[in-house]
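Please read them beside the sequence and the coordinates.

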Amino acid sequence: ANSTAPRRKGLLRRITGESTPYNFPCREIPFKKSWPTENPFSSSDFSRLDYYNDGIFYTLPRIVYHIDEPAVVALTQYYRNAISPKSDILDVCSSW
């Protein structure tokens with residue numbers, strides 16, 4: 001298989017890897033945040049908006065992408081550079 005060819009996922013064409021027109025440099029972003037000492041949330045902040053059975057929602061599979069194409073490309077390029085070939089990966093958040 002040609003590793004530079006665009007890849008397909010189901011019926012959707014996904015442009016990833018070296019065949020993409022995008023190029024994103026990676027750099028560290030410092031994380032500085034001061035957190036409140038007291039919990040700012042009440043229990044009602046975590047209550048459900050609906051009380052339908054969740055099984056109904058998950059009955060049909062969905063192809064959903066939560067980030068845009070340039071973000072998918074940037075992550076793909078990062079993974080290719082940061083993860084060694086044949087590595088064992090547990091991806092518990094595998095949806096884009």
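The points below cover the basis of the model, salt bridges, aromatic pairs and a surface patch.

1. This is a predicted model, in which local features need pLDDT of at least 70 and side-chain atom pairs count only at pLDDT 80 or more, while totals for chains, interfaces and linings use all residues. Residues are numbered from 1 along each chain as its sequence is written, and side-chain values use heavy atoms, with hydrogens and water left out.

2. Two salt bridges are found in the whole structure, the term meaning a side-chain nitrogen of Lys or Arg within 4 Å of a carboxyl oxygen of Asp or Glu. Arg48 meets Asp50 at 3.3 Å, N to O, and Asp54 meets Arg48 at 2.9 Å, N to O, so that Arg48, Asp50 and Asp54 are linked in a network.

3. Arg48 is partly exposed because its relative accessible area is 38%, where buried means under 20%, exposed over 50% and partly exposed in between (1.4 Å probe, protein chains only). Asp50, at 36%, also counts as partly exposed, as does Asp54 at 41%.

4. The structure holds three aromatic pairs, counted when ring centres of Phe, Tyr or Trp (its six-membered ring) lie within 6.5 Å, with planes under 30 degrees apart stacked, over 60 edge-to-face and the rest tilted. One of them joins Phe57 and Tyr58 edge-to-face, at 4.8 Å centre to centre and 85° between the planes. Phe57 is partly exposed at 46% relative accessibility, whereas Tyr58 is exposed at 61%.

5. Tyr79 counts as partly exposed, because its relative accessibility is 38%.
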